[in-house]
Amino acid sequence: LRSQVLTDRELRLLGCRFSGHTLKYFTRKFPNDKRPAKAIAVAKRFANGKATRDEMERADAAADAAANAADAAACGQKEREWQCEQMIRFFQKEAS
């Protein structure tokens with residue numbers, strides 16, 4: 001379906017548009033962290049043939065690190081411990 005409807009370039013640019021739309025929520029909370037904005041810009045450049053895959057992968061990794069840091073700041077240690085405990089319980093049930 002994907003290749004029948006949109007090209008890879010179009011999908012990347014659509015993803016950039018969606019990401020750019022939600023970026024305002026991140027920048028309100030973390031105005032000095034430019035990693036997600038940079039990743040979107042690099043992804044746009046990549047979609048248009050103006051960035052390398054290596055550049056895109058590095059920017060993506062940096063944006064992931066920013067998202068993880070934001071998540072950690074938002075939920076705190078106790079919440080992360082609870083989430084890990086729930087995941088362990090879930091997978092133990094699935095395995096049995």
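How many aromatic pairs does the structure hold? The structure holds two. This is a predicted model.

**Helix packing: α3 and α4**

- The crossing of the two helices is left-handed.

**Residues at the α3–α4 contact**

- From α3, the contact uses Arg35, Pro36, Ala39, Val42, Arg45 and Phe46.
- From α4, the partners include Arg53, Glu55, Met56 and Asp60.
- Several alanines of α4 also take part, among them Ala59, Ala62, Ala63, Ala65, Ala66 and Ala69.
- By class, the contact has eleven nonpolar and five charged residues, with no polar ones.

**Aromatic pair Phe26–Phe30**

- Phe26 and Phe30 form a tilted pair.
- Their ring centres lie 5.1 Å apart, with 35° between the planes.
- Phe26 has 14% relative accessibility; buried means under 20%, so Phe26 counts as buried.
- Phe30 is partly exposed, at a relative accessible area of 23%.

**Aromatic pair Phe90–Phe91**

- Phe90 and Phe91 pair edge-to-face.
- The centre-to-centre distance is 5.1 Å, and the planes stand 80° apart.
- Planes over 60 degrees apart count as edge-to-face.
- Phe90 is partly exposed, with a relative accessible area of 45%.

Definitions and conventions:
Residues numbered from 1 in each chain as written. Predicted model: local features only at pLDDT ≥ 70, side-chain atom pairs only at ≥ 80, totals over all residues. Heavy atoms only, no water. Left-handed = near helix turned anticlockwise from the far one by under 90°. Helix = DSSP H or I, 4+ residues; strand = E, 2+ residues; numbered from the N terminus. Contact = heavy atoms within 4.5 Å. Nonpolar A, V, L, I, M, F, W, Y, C, P; charged D, E, K, R; others polar. Phe/Tyr/Trp six-rings, centres within 6.5 Å; stacked < 30°, edge-to-face > 60°. Buried < 20%, exposed > 50% of the residue type's maximum accessible area, 1.4 Å probe, protein only.
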